[in-house]
Amino acid sequence: MKWWNISLFALFAALPAMGAATEILAADTVPPAYALPADSLPPDTAATVKTKRKHYGSEYYERTLEKRQRRWAKLIPNQFTFQYAGSIGLASVGFGWHYGKRDSWETDVLFGFVPKYNSECAKFTATVKERYVPFHLRVSSRWVIEPLQTGIYFNTISGEDFWRKQPDKYPKNYYGFSSRVRIGIWLGGRLRYDIPSRLRRRAKAVTAFYELGTTDLYIISSIPNKRVKPGDVLSLALGLKFDIF
């Protein structure tokens, strides 16, 4: 047998031993710092999905709750109003809301009374007013002039002398309107004072206003009667408005 045949046979015989030695050497040379601890393995996939869904559900609930709270907060009145005269009673008080761009829109709900005068008893009124204030002219850090305000209101009054539908004692279509419900319009102006922060107790601003208006009944009555003067169909109202927030 020649020498190179013996060398090849020895080489093939030594290959398994060389492979085992290589594996042992590789295992010994891996630094222990690179070994992954058991607790670093990712959790079960199903448990991860369940946790994410639970977290997402909680966030969705919190967002929905916050939106609902903001909507309900808008229903809280942010102003109170006192009005003297103005065809809605001798004196009226109520609450309302200012809103819109630059708080140019306002809605008031007022309750007033009318003394009995020559009638048997006093009467009570309820009014819903919608107001638009297009201009806000600030003349100083505290004072704001609002030269124009306008709006419409719906007023009702208590008492058996007033009715929504014409009583049967009158001829048919004798009265073409209800004496219990009045619709009015007006023009006016306002002056607002912004209370300094250190002096605020129950309001942040006080507004004095006047309104010159009329009602649908006055307008209808004045059309066929040429002797009616503007002073006969116009009424003046004075009042104060307190902005709470």
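Author: Let's start with a term: a residue is buried when its relative accessible area is under 20%, exposed when over 50%, and partly exposed in between, using a 1.4 Å probe and protein chains only. This is a predicted model, where local features need pLDDT of at least 70, side-chain atom pairs count only at pLDDT 80 or more, and totals for chains, interfaces and linings use all residues. Residues are numbered from 1 along each chain as its sequence is written, and side-chain values use heavy atoms, with hydrogens and water left out.

Reader: Why is E146 called buried?

Author: Its relative accessible area is 1%. Buried means under 20%, so E146 counts as buried.

Reader: Where is E146 found?

Author: E146 sits in strand 6. Strands (E, at least two residues) and helices (H or I, at least four) are DSSP runs, numbered from the N terminus.

Reader: What makes a polar contact with the side chain of E146?

Author: That's the side chain of R190, at 2.6 Å. A polar contact is a pair of N or O atoms within 3.5 Å; within protein, one must be able to donate a hydrogen and the other to accept it, and residues adjacent in sequence count only if both atoms are side-chain atoms. Leaving aside neighbours within four places in sequence, E146 is in contact (heavy atoms within 4.5 Å) with residues including R190, R192 and T207.

Reader: What is the volume of the largest pocket?

Author: About 320 Å³. On a 1 Å grid over the protein atoms alone, a pocket is an open set of points where a 1.4 Å probe fits, with protein on both sides within 12 Å along at least five of seven lines; lining residues have an atom within 4 Å of a point. Of its 16 lining residues, the closest to the centre are S87, N155, I157, R182 and Y218. Strand 6 (143-157) and helix 3 (216-222) each supply at least two of the lining residues.

Reader: Which class is each residue in the lining of the second largest pocket?

Author: Eleven are charged, two polar and one nonpolar. Asp, Glu, Lys and Arg count as charged. Closest to the centre are D103, R192, D194, K204 and D243. Strand 7 gives the largest share of this lining, three residues.

Reader: How do you know how confident the predictor is?

Author: Through pLDDT, its confidence in each residue, from 0 to 100. The chain's mean is 81, and 72% of its residues reach 70 or more. Over residues 1-12, though, pLDDT is below 50. Residues 19-36 also stay under 50, with zero contacts beyond four places in sequence.

Notes:
Grid points are joined across faces, edges and corners, and a volume is the space filled by probe spheres set on the points.
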